[in-house]
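Hi,

Here is the structure I said I would pass on.

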Amino acid sequence: MKANGTVFRYGDNVDTDVIIPARYLNSSDPAELATHCMEDIDQEFVKKVQKGDIIVADKNFGCGSSREHAPIAIKAAGVSCVIAETFARIFYRNAINIGLPIIECPEAVKGIEAGDQVEVDFDSGMIYNRTRSTQYKGQAFPEFMQKIIAAEGLINYINNKQ
Amino acid sequence: MGMTMTQKILAAAAGLDKVEAGQLIEANLDLVLGNDITSPVAIKEMDKMKVQGVFDRDKIALVPDHFVPNKDIKSAEHCKCVREFARKNEITNYFEVGEMGIEHALLPERGLTVAGDVIIGADSHTCTYGALGAFSTGVGSTDMAAGMATGKAWFKVPGAIRFNLTGRLPKWVSGKDVILHIIGMIGVDGALYKSMEFVGEGIASLSMDDRFTIANMAIEAGGKNGIFPVDEKAVSYMKEHSARPYKIYEADADAVYDQEYTVDLNTLRPTVAFPHLPENTHTIDEIREDIVIDQVVIGSCTNGRLEDLRTAAEVLKGRHVQKGMRCIVIPATQAIYMQAMEEGLLKIFIEAGAIVSTPTCGPCLGGYMGILAEGERCVSTTNRNFVGRMGHVTSEIYLASPAVAAASAVAGKIAGPEQL
């Protein structure tokens, strides 16, 4: 499985309130949530994002609320992968559980700028910055998480087991 | 190598003699919680599952509290979805308006959380129940759905940070100041993926309400859970509120901690977290300039308990909220509301020019009941001061204790009770 796209670059502690503000949580429709994704930190995001694009951020991405609406909005906006130095733990779980691939890789984060073309190979954990011709080894998922991602989420994974 | 308190609870719930940090386990759940925002997403996920119905109708708690009483049509639809699910699955612990409260104040009060439990909740502040010696942690809606269907959840066993509390809190310093101090010290990701285990002789002097507040904000340091040893105070709280059996786990003497800190409660001062992160802390004495404010909120799962209201009333009694200031008091549950009424606290609030609301999370997450306009400032006893959390993206939230919030309402600017 691979991701390939243009990078949107953010800093430390991108919280779930800016990823999807609570004023929109009276909806749980992915398409509707996607139209407000990143609104309070980057109003240009929804105008510019293309299917396959990649979010790269510094530490503690997705901190704050447990709202699964945050990874749902990111995925529904077309983002194929989030790379960060670290993720907040509930966001990490939620992303895997809904089948949004995420990778922790501090080195890659340092070497990627907004607008770079980046490719991620989830099987090997390799991250290729095609713009700068650099490559990084990200943390590959444990087998059990790979199975959840491959099943496109925890629910399908559980269904498949039965 | 011994186990931490959290590791011992998780090992027992996974049916293992021993676990270590980093290990992936599957644990049996004692309670699965959801609210009006997260449950509808979980219910939709459950519909996709082959499993029919819930694993145990007594071990699920559904608490519409965020946008309740319904703030608009869409919220009403969400609540209806939760209500119908609860009815169809005969969920014992569904709390309708009139019996509800803010989930993390309500569940311990109703005796649904006790020591030794493993609890997941689709709300990040589920970590609150660590105050009673339970392992409890926030998850998302899909985990909630899987939990409701199977009664199980996967966990990566966390390492731990130990906080040794010594001494005793001075007057006007509370559990909120303890946890803000700690977050200021270690940062908003200082406990990322880890347990925050609070120990030491200083704990004895902390009330249960203080402990709930401290455990509640473990997530604001990135923690997986916050947990307290079970002492006489915790046992008597559980006996008063719950008929359920509890089980006390203690950390092994040779348990391994990634880091250790000592916090001398005697030296703590009222503490305020400035925008836009809970780690931006300043003691009240360090605030030199006048920070003029527009609104004060006293409530939430962090600080809407009886002791919080008593403290706020002690400050507001015989005083008046500054002209032009809005002071919103929100008792966290119906029982707290009733007790506050019987003690005359509500009268003090209203006479002081504050308003008193029915229990709701409302303003804390910018839902309703106190949204901030462009550039407005709020002192709030809630738990997050992120950009746009309570309203407009340019508004500012200063997190503080009920004592500081009440004093600030009177002063019209950030102030401690000693400054009035």
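Predicted model: local features only at pLDDT ≥ 70, side-chain atom pairs only at ≥ 80, totals over all residues.

**Sheets in chain B**

Chain B has an open sheet of five strands, and if you walk across it you meet them in the order β4-β3-β2-β5-β6. The pairing in this sheet is parallel. Which strands stand at the edges? Those are β4 (93–94) and β6 (135–138) of chain B. Each has a single partner strand, so one side of each is left without a neighbour in the sheet. Further in, strand β2 (residues 31–35) of chain B is joined to strand β5 (residues 118–121) of chain B by three bridges, and the two run parallel.

Strand β9 (residues 195–199) of chain B runs parallel to β10(B), with three bridges joining them. Look for B:E197 there: its bridge partner in β10(B) is B:I227.

As a reminder, strands of a sheet pair through backbone hydrogen bonds, either parallel or antiparallel.

**A helix pair**

Next, have a look at helix α2 (residues 39–47) and helix α3 (residues 73–88), both of chain B. They pack with their axes 9 Å apart, at an angle of about 55 degrees.

**Where the chains touch**

How many residues does each chain bring to the contact? Chain B puts in 43 residues and chain A puts in 37 residues. On the chain B side, the elements that give two or more residues are α2, α3 and α5 (141–150). Of these, α5(B) gives the most, with six residues.

A:D40 sits in the loop between α2 (30–34) and α3 (45–48) of chain A. Is A:D40 buried or exposed? With 20 C-beta neighbours inside 10 Å, A:D40 counts as buried. Setting aside residues up to four places away in sequence, A:D40 touches A:V18 and A:P21 as well as B:V387, B:G388 and B:V393. The C-alpha atoms of A:D40 and A:K147, which are 107 residues apart along the chain, are separated by 34 Å.

**The core**

The largest nonpolar core has 207 residues, and A:I83 and B:L10 touch the most other members. Helix α13 (residues 402–411) of chain B supplies the largest share of this core, eight residues. Beyond its neighbours within four places in sequence, A:I83 has contacts that include A:I54, A:V56, A:I103 and A:C105.

Two cis peptide bonds are worth a look:

- B:V68 to B:P69 is cis, with omega near -5 degrees; B:P69 lies in the loop between β3 (60–63) and α3 of chain B.
- B:P275 to B:H276 is cis, with omega near 0 degrees; B:H276 is in the loop between β12 (271–273) and β13 (281–283) of chain B.

There are also residues other than glycine with a positive phi:

- A:S133 has phi near 50 degrees and lies in the loop between β6 (126–129) and β7 (134–137) of chain A. With 7 C-beta neighbours inside 10 Å, A:S133 counts as exposed.
- B:W172 has phi near 70 degrees and is in the loop between β8 (160–166) and α6 (175–186) of chain B. B:W172 counts as buried, with 20 C-beta neighbours inside 10 Å.

Cheers

Note on methods. Residues numbered from 1 in each chain as written. Chains lettered and ligands numbered in written order. Pairing = 2+ DSSP bridges. Helix = DSSP H or I, 4+ residues; strand = E, 2+ residues; numbered from the N terminus. Core = buried A, V, L, I, M, F, W, Y, C linked by C-beta atoms within 7 Å. Buried ≥ 20, exposed ≤ 12 C-beta atoms within 10 Å, placed from the backbone. Contact = placed C-beta atoms within 7 Å. Axes fitted to C-alpha atoms, helices over the stretch in contact; angles between N-to-C directions.
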